[in-house]
Structures are given as C-alpha cells and as structure tokens.
Amino acid sequence: MAKRQPVEIGGVKFDKKGDALDYLKDILGKYKPEETVVEQDSIFLRQALDRHPEAQEKIGCGVASFFVRRADFSTTCFWIRRTDGTVVRFSYKSCV
Amino acid sequence: MSLQVLQNWLESESGIKNQLNQLRIWSARKSIVSSLQNVVDTDQDHDWQKLLLAASIFSQSDDKRHQEYALMIAQSALCFSDEPLIRDAGSLILARLSNHRTINLAQEQHLIEPNLGTRVGVIEQLLWNKRKLNSEIVFNEKHSISGNLFQVDLWSKLSDADWLSATAPTAAGKTFTILNWLLSQFSSKKCHSAVFVAPTRALVTEIERQLNELKIDHNLNSLKITSLPLRELNGRKEPFITVFTQERLHIFLNSGSSPQKFDIAIIDEAQKLSDERRGVILQDALERLCRENNKCKVVFLSPHSKNPEVLLEDAPENVITAVVPSASSTVMQNLIVAEQVPRKPTEWKLSLSIEGELNELGGFKLIDRPTNAAKRLAFVALALGKSTTGTLVYVNTASAAEKIATLIYDGLDDIDLSEDSELSELSESCKKIIHPKFQLVKLVKRGVAFHYGNMPSILREEIERLFTLGEIKFLVSTSTLIEGVNIACKTIVVRGPKKGIMHHMSPQDFWNLAGRAGRWGADFYGNIVCVDVSKADVWPYGLPQKTAYPIKRETDTVIQQYDDLIEYITNRPAMDTNDLDHKLEHVTAYLMSWQIREGSLKDASPIKKISPEAAQNIEELVQPLLESIDVERKIVSANPGISVIALQRLLEFFRNQSEDMESLLPLPPEDPDSVDQFVFIFDVINLTLAPVFAPQQRVLPCALTTWDWMRGKTLGRMIAARLERERKNGSYESDEELPYAKLIRETMSQVEEIARFYAPKYLGAYLSVLRQHFVEKDQIDMFPDELTYDLFLEFGVSTKTLISLIGLGLSRTSSIELAEYYGRSEMSEEEVLTRLHSGEWESLDLPPLVKREIRNIVKQKILEGM
C-alpha cells in the first residue's frame with residue numbers, strides 16, 4: 001500500500017495528495033466558465049502554480065489573473081491571464 | 001311595467017324560468033342525440049308561441065343573459081321544431097340578434113326555406129330590412145358583411161376612437177373585423193404603416209396569411225404585408241403592414257437608425273400583458289411604439305376580459321378612447337359533464353350543467369374498459385366524436401397529445417382514409433419533413449392528429465386547415481390553443497385541464513378554451529364535455545364557473561409586491577446570475593431602462609399607481625445603481641427584459657479580456673470552429689446576462705442546436721442526427737429501443753425554446769454590447785456590419801436567398817427544401833420570385849405540402865401583380 005504523502009500549498013497543510021487535489025477541485029467547481037477567480041483563491045492558486053513542473057513556462061512574463069474556461073466541451077480548467085494579455089491553461093493536478 | 005322589469009320577471013321563478021330550463025335541456029339532448037346510445041325522453045311539447053314572444057322580449061335587452069335566452073329559444077325553434085312557421089319565427093329572433101350567419105346555416109341545411117324576409121308581414125318585412133341594414137358592415141363598394149352585435153359595435157367605434165379596447169371570445173369574429181378595418185384604413189389612405197402584434201409565431205403566420213388574402217378584396221394587391229423584421233422596411237415610402245411577435249417588433253425597432261413611426265398598432269391577445277414571461281416585453285414594445293409616434297392609434301383585442309378598459313389607462317391625454325365589451329354568444333354552448341355509471345366502467349352518461357345543476361341527457365358506451373386516465377379521456381372523445389367532425393381533445397402535454405391521439409386512432413380501426421389525397425399528402429409530408437417514425441405519419445390516415453406549439457408551422461397550419469374542413473375529425477391539442485391559434489371546433493373534450501405541467505387551469509383560461517366550442521356559421525351548438533368532474537384530484541375546483549379574464553399588467557403586479565422588489569433591487573448589483581428571479585428581473589430591467597431614458601421614474605405607468613412615498617423609495621434605490629453605468633442608452637432600450645446591470649457586467653467582461661478582440665465575435669456557421677465559439681459566447685451569456693443556457697453541461701447541446709438551426713439544417717436532419725447521437729451513445733441496445741417520439745419532440749422543443757427564442761434575444765444583446773466595446777477600442781472597422789444573427793436565428797437561416805424565400809411568405813421548411821436546388825445564396829425576393837414563376841420547382845422531389853405552399857404563393861403573387 002502506498003504511503004500517505006502530506007502536502008503543503010500556500011501555508012495550507014494537507015494530510016495526503018488526494019486532499020489537496022479535492023481542495024483545488026472544489027475551487028474550480030465554484031466558478032462558471034469564463035469567470036475570473038477571486039483574489040483569495042488566486043493567492044492559493046499562485047502558490048500551487050509554482051509547484052507545476054512547467055511553472056516558468058506557464059507564468060511567462062507574469063500572472064495578471066486566473067480564470068476558468070472550458071478545456072474540452074465537457075470539462076473546465078484553470079487558465080492564466082498573463083500581464084502581456086496572453087492566456088494559457090494549466091492542470092491543477094500537475095501542481096500536487 | 002318597463003321592458004327591463006318584464007325581462008327580469010320572465011327569467012325569474014315566477015316567470016318562465018322553469019320552461020326555459022326545460023327547453024334548454026331538451027334542445028341540448030336533441031343536439032347530441034346522434035352521439036348517444038340511449039337518450040332520456042326527447043318527446044316533449046313546448047308552448048312555442050309563449051317562448052318565442054319571450055325570446056322577442058329578451059332580444060331587446062342589452063343584458064348578455066337575456067340575449068343568450070333569446071338565442072337559445074330561437075335556435076331550439078329553428079333546429080328542432082317540426083313546424084316551418086315556428087322555425088321561421090326562430091330565424092326572425094336571430095335576425096334581431098344580428099345573427100345572420102346562423103340563419104344562412106339554417107338555409108344551407110334546409111331547416112328553413114330561402115328568402116325569409118319575403119314570407120313575413122309588411123311590418124316585419126320592413127323591420128327585417130332595417131335590421132339587415134343596421135348590421136351591414138361595408139368594407140368597400142364591393143364587399144360587405146352582415147355583422148353580429150359585437151362586430152357592428154366594434155366597427156362603429158373604430159371610426160372615432162384613437163385608443164380602443166375590444167373583448168370577445170374566438171367565435172365573435174373580432175379578428176376578421178379588425179383585419180378588414182385595418183385594410184380599409186390603407187385603401188382610404190388614412191394609414192401608411194401599421195403593426196399587428198400577436199403573441200405567438202403561429203398566430204403571426206395566420207394573420208399574415210389572412211391579411212394577404214383579404215387585401216385583394218380591398219384592391220390593395222400590391223400592399224406589402226410581412227412578418228420579417230427587415231431593416232429595409234424602416235422608413236419605407238410605400239405603405240406596409242408588419243405582423244410581429246413582441247420579440248420581432250423589438251428586433252425591427254432596433255434595426256434602423258431611428259425606429260419606425262407606426263400609424264396604427266393592433267395588440268392581439270392583449271391579456272398577455274399579464275403574462276409573466278412576455279408581459280413586460282409586450283408593454284415595453286407598446287411604450288416604444290407610442291414614444292416614437294404619440295399619435296399612433298392603438299387597438300387592443302382580448303378574449304372575454306373582465307376589465308378591457310384597464311388597457312386604455314396608458315393612453316396619452318386628450319385622445320378619444322372606447323371600449324367594446326363582449327356581446328352575447330353567437331353559438332349556443334352546452335357545458336356537459338361525462339361520468340361513468342357506477343360499477344359499469346364502459347357505461348357512461350352525459351349531463352348538462354345549468355347554473356351548477358346537472359340534468360341528465362343520456363348514456364353512451366365506451367369501446368373498451370378505460371383502464372387508465374388517458375383511456376378515460378380518449379374513449380369518451382372517441383364515443384362522442386366518431387360519427388361527427390370537429391372534436392377537439394385538450395391535453396396537458398405534448399407527450400399526452402401523442403398518446404391520446406394514438407388511442408383514438410386504435411379505436412377507429414374500421415376507418416381507412418388513406419385514399420383521401422389531402423390526408424395522404426399530409427402523411428407523406430410528415431414522413432419527409434420530420435421522420436418516418438413520427439406518429440402523425442400513420443395517425444392522419446384515420447383522420448386523427450395532434451397539435452402542439454413546437455411543431456413546424458407548415459404541418460401545424462395544414463392540420464388546422466384539414467380539421468376546419470372536417471377531414472381531420474379528431475384533433476388532440478395542448479395549450480397552444482389558449483395561447484392564440486384561431487381554431488374553432490364543435491366539441492371540446494377535457495379532463496382535469498392544466499396549463500403547463502403543474503398548475504390546474506384557471507376558470508378564465510378554461511372559458512377561453514371553451515370559447516372555441518361552436519363554430520359560428522358552421523354549428524348551431526358547441527359542446528364542452530368535462531370528463532370525471534366528480535373526481536376531486538382531477539378537478540380540484542369542480543366545474544369551472546364562467547368568469548372573465550381580469551387583466552393586470554405584469555409590471556403592476558410585480559411593483560405592487562413592493563417589499564420583494566425593494567429587496568431584489570437592493571441585492572441586484574452583487575447578485576450571481578444563478579440567483580436571478582425571472583419575474584423580478586424583467587420589471588427591474590424595465591424600471592432601470594425608464595430611469596436611464598427619462599431621468600426619473602415618476603411618469604412610468606406602473607409607478608403612477610403606487611403611493612408617492614413608495615415611488616420615491618424605488619427611484620432613490622435605482623438611481624445610485626445607475627451612476628457607474630456606461631452602456632449606451634440605445635442598447636438598454638433595445639434589450640427589454642435584460643437589466644442594465646447585466647449589460648454593464650457584460651461590457652466589463654469584454655473590457656477585462658486581453659485576447660485578440662476578434663476572438664469575441666461569433667463565427668459564420670460554415671466555419672469549423674463556429675460551434676466552439678457559440679459555446680464560449682453562451683458561457684459568457686450565462687455568466688453575465690442570465691443563466692438561459694445553464695447548467696454548463698447544457699451549453700454544448702444548446703450551441704449545437706443553435707448552429708444547426710442557423711445554418712439552415714432541416715428539422716428532419718436535426719432529428720436524424722439526434723437519433724444517430726443517441727444510437728452511438730450506447731444507452732439503447734437496438735433501434736427498436738430508441739424512444740423515437742420523445743427524441744423527436746425534444747428536438748422540436750429545443751429548436752423553439754433555444755434556437756428561436758433565447759439565442760436570438762441574448763446573442764442580440766451580446767453583439768450590441770460587443771459593438772460598443774469595439775467602438776471604445778477604436779476598432780469598429782473590424783466589427784462586421786452584417787451580423788444580423790437575431791434575424792438569422794429567428795428564422796433559422798443564414799443566407800439572403802433563404803430570407804428572400806421566407807419574405808415571399810414561404811415557411812422555413814419549404815424555403816430550405818427549395819434552396820437546396822439553388823446555387824446562389826444572395827438572391828433577392830424578385831430574383832427568387834422569377835425562378836418560382838418559371839415553374840421549374842414542379843419537377844423537383846419536394847414534399848407534397850411544400851409544393852402546395854409554393855403553388856399558393858405563386859398564385860398570390862400573380863394576384864398581387866408581381
């Protein structure tokens with residue numbers, strides 16, 4: 001049986017990865033497609049994004065805001081709006 | 001003793017009430033005898049002389065009850081007396097009641113000899129001629145009719161009043177009168193442009209067709225009559241009439257640089273101002289018409305309203321107003337109860353209700369044991385309607401309509417009308433236009449059909465036509481009939497009627513429906529048969545008492561719920577679209593729009609009806625919310641029902657977007673990414689304007705329907721594609737398991753609700769705000785000018801050729817079928833007409849109904865001299 005791996009993101013401690021994933025999934029679920037993520041959730045997401053294996057590439061010139069958009073027709077995911085206006089999606093699952 | 005006292009005495013217990021009731025029951029029995037197996041004794045003697053004298057006295061009264069007594073006696077004598085003299089006397093009473101169409105019917109059925117006027121004494125002859133003259137409505141030198149009391153009153157008041165409100169049930173002939181009056185205003189050059197507003201597309205098509213037929217009688221062959229809200233019409237030099245729903249009227253008023261100034265506006269089914277969904281939009285449309293031209297003459301029509309005068313409250317000062325109240329019926333109506341004989345499920349009896357008291361008429365047998373509610377209704381209708389025509393069965397849902405129609409069909413297994421060419425053409429067209437498994441394909445072969453709002457108009461209209469002709473004997477219908485399709489019948493059969501799925505029908509709606517029983521000029525009697533009235537779960541309020549509609553504008557209703565409104569407006573700025581309250585949002589939008597336009601709410605009609613303090617409070621609440629609004633005023637006016645807060649939220653959304661501005665524009669339907677873009681736009685609409693395409697899983701199906709519809713896919717192909725998707729889904733193991741009827745119905749309903757209603761309305765708002773954003777960013781050159789999505793969606797086409805075909809009067813179905821053979825997509829109406837004139841379409845493989853429609857249009861255009 002795999003060992004539980006506690007995770008800490010943005011000062012929030014999770015007993016296991018699954019809890020962190022659920023937490024991020026809940027944040028995603030609060031928003032409608034095309035809705036901008038509010039400041040409090042953005043702070044947490046920004047910390048989570050740093051853990052992304054391609055964080056540098058995704059952040060680019062800097063994060064202006066996060067928003068939710070459809071990935072495929074049936075699912076939604078987080079997107080970054082960069083300070084230069086470009087947008088890019090990222091998977092929260094890669095951040096845990 | 002004055003005449004009035006005498007009339008009142010006659011109908012009292014000490015007068016002849018008893019004899020009147022006896023006659024009433026006797027005539028009802030006689031009228032329905034052919035449908036019954038055993039009839040309670042119909043062998044009765046009546047003192048005709050006394051009764052006819054009473055009828056003559058009653059006929060001079062203005063009281064509707066008295067007039068109905070006169071009609072009842074006259075028709076009983078006319079239809080059921082053995083003596084020619086008595087029948088003649090009954091006809092003379094009908095002449096007093098201005099009911100010449102029923103006299104003509106009696107002549108056609110050989111109940112009386114022709115030339116009644118010449119068989120009576122000199123004085124009566126003079127009176128006969130005088131009455132004929134008084135009831136004569138002269139449309140022009142060549143055409144006139146003998147109007148009934150209501151029509152005569154309406155015609156005379158129309159000549160003086162600027163604002164008029166008339167109320168009458170379906171059979172009174174109000175639409176026919178008003179359309180002729182409207183055309184007479186054009187032939188006498190008193191009017192240059194007019195709009196007829198009807199609540200449903202079905203009614204719009206019907207009115208447009210009637211006007212096109214009637215205009216020939218008025219020598220107005222070239223008068224433009226259209227239901228297309230085309231920009232080119234705005235400011236047109238030649239006279240024209242438009243026939244719109246309230247939504248299309250807004251599209252038209254938004255289309256030009258300044259809205260059209262109409263001379264005449266006719267608001268049909270004006271009681272819809274009370275409607276939760278469309279009331280505010282209709283009121284807003286009317287106010288816009290009057291703002292553009294405060295001399296616009298306005299006519300309201302409503303079915304049997306209690307307070308028609310309330311519609312005139314908003315008339316400008318110093319205009320002449322008039323009310324034309326409902327007159328008595330033109331056809332006798334029997335309110336009949338059908339109940340099962342205790343412990344004998346197949347044996348039933350009918351009773352006539354008079355002032356709540358039941359009087360047995362006779363009994364009849366059902367075809368089989370009615371083991372469920374649907375069978376009880378279907379078998380009663382079948383038993384009563386089998387040997388006659390014009391039986392209408394009211395049901396609560398589209399699925400019930402199909403089920404009941406199928407049960408009736410099964411009971412008619414000894415009938416095969418497939419030799420009837422019109423019915424087999426209808427069947428063939430249903431197969432081609434909808435799907436081979438669409439239930440109507442087989443049903444119509446035995447003269448049975450169903451009818452509901454989401455069916456394509458080409459089929460619905462054909463069904464209505466064949467039902468009126470008697471070729472379709474049974475029509476099972478949902479509430480589309482109350483919503484305003486001018487169809488009458490001989491008998492209506494109902495069981496626990498509801499409006500929608502949840503709510504039991506109000507007595508007003510019931511009587512509006514019942515108003516269709518009895519076709520004036522075709523029937524002497526109309527029957528309303530109520531099944532299982534003693535069952536409290538079916539008829540919780542018992543047999544509906546005859547009552548009229550109380551009209552109350554939706555804006556007034558909501559504003560008088562003051563506390564709820566105040567709370568809603570207070571919370572509105574921070575509100576998520578999911579929390580919007582449809583009812584309160586519409587009125588909030590109306591008030592905000594008024595405040596922005598006028599700077600104060602004080603003159604808004606619903607505000608004038610509440611206390612000055614309450615009015616002040618609302619204004620003080622609304623005003624600060626508008627300070628940070630910078631959506632253009634004309635956008636706010638052009639989008640009734642969508643609050644300025646929602647529009648501003650959309651504008652802010654655009655301003656916060658950092659991507660290429662073009663990525664916000666919809667794509668033409670032929671672009672492969674068009675659906676994805678609709679998904680994006682519908683997401684934005686759900687987020688900022690209203691959750692009309694929510695929840696988010698619904699957005700893709702809505703986008704697909706909208707896309708298919710707009711690129712002109714036929715309904716048949718949309719249904720086939722839906723069935724194919726379901727097959728691939730794997731939820732059903734074989735084709736036989738597919739719920740064809742349900743999937744066909746659902747596709748039709750999505751087209752009507754999503755593609756034709758919500759998508760054009762909200763895409764129109766989206767585009768108007770986006771345009772402002774492009775202007776702000778100095779990028780207006782990039783904004784396509786021809787983005788007429790509202791028009792394309794409303795009609796489900798995206799090429800000029802198709803719009804031209806629809807503009808000629810063809811249905812969408814016919815236009816698309818025909819355009820499949822046309823290579824060019826930019827043809828004008830004239831070019832399209834030239835091709836139709838050439839007759840090449842005759843050799844094409846088109847459904848029979850489509851060919852008939854094209855033939856009729858070509859004929860009409862020849863008459864118009866085009």
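**Reading helices and contacts in a predicted model**

Trainee: Which residues of α33(B) are buried?

Mentor: The buried residues of α33(B) are R812(B), T813(B), S814(B), S815(B), I816(B), E817(B), L818(B) and A819(B). Buried means that 20 or more other C-beta atoms, placed from the backbone, lie within 10 Å of the residue's own. Helix α33, residues 812-819 of chain B, is mostly covered, with eight of its eight residues buried. This is a predicted model, in which local features need pLDDT of at least 70 and side-chain atom pairs count only at pLDDT 80 or more, while totals for chains, interfaces and linings use all residues. Residues are numbered from 1 along each chain as its sequence is written, and chains are lettered from A and ligands numbered from 1 in the order in which they are written.

Trainee: At what angle do α9 and α10 of chain B pack?

Mentor: Helix α9 (residues 149-158) and helix α10 (residues 174-187) of chain B pack at about 30°, and their axes are 10 Å apart. That makes α9(B) roughly parallel to α10(B), a label for angles under 35 degrees.

Trainee: Which residues make the contact?

Mentor: Contact means C-beta atoms within 7 Å. From α9(B) come F150(B), Q151(B), L154(B), W155(B) and L158(B); from α10(B) come K174(B), T177(B) and W181(B).

Trainee: How many residues of chain B are in contact with chain A?

Mentor: Eleven residues of chain B are in contact with eleven residues of chain A. On the chain B side, the elements that give two or more residues are α27 (674-688) and α28 (696-710). Helix α27(B) gives the most, with five residues.

Notes
Two residues are in contact if their C-beta atoms, placed from the backbone, lie within 7 Å. Helices (H or I, at least four residues) and strands (E, at least two) are DSSP runs, numbered from the N terminus. Axes are lines fitted to C-alpha atoms, for helices over the stretch in contact, and angles run from 0 to 180 degrees between N-to-C directions. Angles under 35 degrees count as roughly parallel, over 145 as roughly antiparallel, 65 to 115 as roughly perpendicular and the rest as oblique. A residue is buried if 20 or more other C-beta atoms lie within 10 Å of its own, exposed if 12 or fewer, and partly exposed in between; C-beta atoms are placed from the backbone.
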